[in-house]
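Hi,

Here is the structure I promised to pass along.

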Amino acid sequence: MNIENIEAFVYVIHYGSFNKAAEVLFLSQPSVTARIQSLERELDCRLFERIGKQISLTDDGKKFLPYAQQLLQTFQKSKIQLKQKRTLPNELRVGCTVSVSNYIIPTILPKLKNKYPDVNYKLTTAASEEIINKVLNRELDIGFVRNISHPNLLSAKAYEDPIRLYVYEGHPFIGNHMISMNDIGEYPLVFFECGSLDWMRIHRLFASMSQPPNIEFQTDTLETAKKLVLGRVGIAFLPSLCVEQEVKEGKLFPIQFPEIAGISLQTNMIALNGENGLFFNAALDLCKGIAQSIREPI
């Protein structure tokens, strides 16, 4: 059965005449008539009643219409799918910071692979500045970086990760609603420093405290900071995602202070303007689920 004949049949129904269907299909009216006649011969039935210039479906035409529409929709969807497959790259190069690599990528990449199974994924871990340069130089396709703005880059917020003070099991801060930021100075502090504006806000809070914090350990690695807190050598301000599992297991506990409300690490997705939009939007949608899970305090 010729799909063009089915297309002509559906278009005649939709537009109510052979002439209008011919205009939309860029055919002559006799060509549309010939296609309908060919379809009627294949089905061995009449599809239209013709009274002058008016047309109406026969009973057989009414029965065939839903099947014709379904066949045409299936054919059109298959064309879109095949075209999309031809335009997809063989490899998607993703750049991200260490924290994104540890806590976000293991969730996102399997879902992207499921959505685009024929694409391979290459992951590069680096600082935000290096990832930005690699995207600009077309060495990476998309990147996860700190909040940035650049005229040649498409940039959108992927998620925000709230920063909170975390303490180990049995710490005196747990359940104590009378503590304040000044009480932090009484305990050893593990300080994770990533150089973002959010951490600068915490530095300013330290400067306003009556008793300066007792920073005994300073590191630029989240996992190191977390493990030092788990080892009970200090307490630390950490992004929520990196301690999500330990909080669920009752090994670490978040402590809320009004002074740090609203302080968070923002991660943006970037790509060159006009390029890799398909993957960019798909990954951004996946990040919405992560953003929802960390929107409220753990």
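First, a definition: a disulfide here is a pair of cysteine sulfur atoms within 2.5 Å. By that rule, the structure holds 0 disulfides.

Some housekeeping. This is a predicted model, where local features need pLDDT of at least 70 and side-chain atom pairs count only at pLDDT 80 or more, while totals for chains, interfaces and linings use all residues. Residues are numbered from 1 along each chain as its sequence is written, and side-chain values use heavy atoms, with hydrogens and water left out.

Now the inside. A nonpolar core means a set of buried Ala, Val, Leu, Ile, Met, Phe, Trp, Tyr and Cys residues joined through side-chain atoms within 4.5 Å. The largest one has 59 residues, and Phe144, Leu165, Ile184, Phe237 and Leu238 touch the most other members. Strand 6 gives the most to this core, with 8 residues. (Strands are DSSP runs of E, at least two residues, and helices are runs of H or I, at least four, numbered from the N terminus.) Another core lies apart from it, with 20 residues, including Ile6 and Phe9.

Strand 6 (residues 153–168) also holds Arg164. A salt bridge needs a side-chain nitrogen of Lys or Arg within 4 Å of a carboxyl oxygen of Asp or Glu. Arg164 is buried but has none, and the nearest side chain of opposite charge (Lys and Arg count as positive, Asp and Glu as negative, His and chain ends not counted) is Asp161, 6.1 Å away. What Arg164 does have is a 2.4 Å polar contact with Ser240, side chain to side chain. (That term means N or O atoms within 3.5 Å; within protein, one must be able to donate a hydrogen and the other to accept it, and residues adjacent in sequence count only if both atoms are side-chain atoms.)

Elsewhere, the salt-bridge count comes to 9. In one of them, Glu4 pairs with Arg35, with the closest N and O atoms 3.6 Å apart. Glu4 sits in helix 1 (residues 3–15) and Arg35 in helix 3 (residues 29–43), so this pair ties together parts 31 residues apart in sequence. Glu4 is partly exposed at 39%, whereas Arg35 is buried at 18%. Glu223, Lys226 and Glu246 are linked in a network of salt bridges.

Cheers

Conventions:
Buried < 20%, exposed > 50% of the residue type's maximum accessible area, 1.4 Å probe, protein only.
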